[in-house]
Amino acid sequence: MNEQIKYYFIVNKWAGAHHSAQTWEQLHQLLVQNAVNFERVVTKYPQHATQLAQEFADLHPQGWVIVAIGGDGTLLEVLNGVRHSKNTVPIGYVPAGSGNDFARAVGIASDPSTALQQLIQTTAPITLDIGAYQNQANQLTQYFTNNIGIGFDARVVYEANQGQKVKLSKWHLESMAYVSALLKTLMRQKGFPLTIDIDGERHEFANAFVVSLTNIKYFGGGGRHCTSR
């Protein structure tokens, strides 16, 4: 570990059907044992991680790594906070959510303690691709690590987050929330008109069902997607 590096941990205690708080207790012991220089903050509401990450990055341009502890959604919020900061600060990630697709895709250990060891043993950051899109309603640019979608896949994620993860957590079956949401959405989702412009060419679809732009090869709690060329 580079003793000069300090870590700012942003913990989403609701991630992983509320198991993220327990995960932090384990990680805290490892940090103390390894004499890691760190600070910790816990999110209080949705999008709070974005605010915390941006504010911290604005004030700490060097010597720090901002680390998201939670699921893919927590990482997404931290990424957007750092990207909207005036400074460039490295981001770390310890998976403690239900799906953890990003960690699976880039080789971060699924076990939080092992992932933390990977993090503190890293001596230099690496560069990874991220995606960006602009909300035409407010002209705000947002960033993503995994994927963005509308239609079927977006509805599945929405349904999975509507309490199913918590209900299944008592049996440690949080990932099954996506299976339940998939079946529910299959019965309810309808097609919709879609127009896509790619490299100056317009493509129109009268009855689109699944629209997803992906940056990694997994989504929905580990399901692999197919690519076409």
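Me: Is Leu-119 buried or exposed?
Reply: Leu-119 is buried, with a relative accessible area of 14%, where buried means under 20% relative accessible area, exposed means over 50%, and partly exposed is in between, computed with a 1.4 Å probe on protein chains only. This is a predicted model, in which local features need pLDDT of at least 70 and side-chain atom pairs count only at pLDDT 80 or more, while totals for chains, interfaces and linings use all residues. Residues are numbered from 1 along each chain as its sequence is written, and side-chain values use heavy atoms, with hydrogens and water left out.

Me: Where is Leu-119 found, and what is it in contact with?
Reply: Leu-119 is found in helix 6; helices (H or I, at least four residues) and strands (E, at least two) are DSSP runs numbered from the N terminus. Leaving aside neighbours within four places in sequence, Leu-119 is in contact with Tyr-7, Phe-9, Val-67, Gly-92 and Val-94, contact meaning heavy atoms within 4.5 Å. Of these, Gly-92 is 27 residues from Leu-119 in sequence, and their C-alpha atoms are 6.9 Å apart in space.

Me: And Ser-113, what does it touch?
Reply: Ser-113, also a residue of helix 6, touches Gln-26, Leu-27 and Leu-30 when residues up to four places away in sequence are not counted. Ser-113 counts as buried because its relative accessibility is 19%.

Me: At what angle do helix 2 and helix 6 pack?
Reply: Helix 2 (residues 20–33) packs against helix 6 (residues 112–121) at an angle of about 40°, and their axes are 10 Å apart. That makes helix 2 oblique to helix 6, since angles under 35 degrees count as roughly parallel, over 145 as roughly antiparallel, 65 to 115 as roughly perpendicular and the rest as oblique. The axes are lines fitted to C-alpha atoms, for helices over the stretch in contact, and angles run from 0 to 180 degrees between N-to-C directions.

Me: Which residues meet there?
Reply: From helix 2, Thr-23, Gln-26, Leu-27, Leu-30 and Leu-31 meet Pro-112, Ser-113, Leu-116 and Gln-117 in helix 6. By class, the residues of this contact of helix 2 with helix 6 are five nonpolar, four polar and no charged, with Ala, Val, Leu, Ile, Met, Phe, Trp, Tyr, Cys and Pro counting as nonpolar, Asp, Glu, Lys and Arg as charged, and the others, Gly among them, as polar.

Me: Changing topic, how do the axes of helix 3 and helix 4 cross?
Reply: The axes of helix 3 and helix 4 cross at roughly 35° and come within 7 Å. Helix 3 contributes His-48, Ala-49, Thr-50, Ala-53 and Gln-54 to the contact, and helix 4 contributes Glu-77, Val-78, Asn-80, Gly-81 and Val-82. The contact of helix 3 with helix 4 has four nonpolar, five polar and one charged residues.

Me: How many residues of helix 4 are buried?
Reply: Nine of the 12 residues of helix 4 are buried, so helix 4 is largely enclosed by the rest of the structure. Among the buried residues of helix 4 are Asp-72, Leu-75 and Glu-77.

Me: What about the phi of Asp-199, and where is its place?
Reply: Asp-199 has a positive phi of about 50° although it is not a glycine, and its place is in the loop between strand 8 (192–198) and strand 9 (201–208). At 79% relative accessibility, Asp-199 counts as exposed.

Me: Finally, how many helices and strands are in the chain?
Reply: The protein chain has nine helices and 12 strands, and 41% of its 229 residues count as buried.
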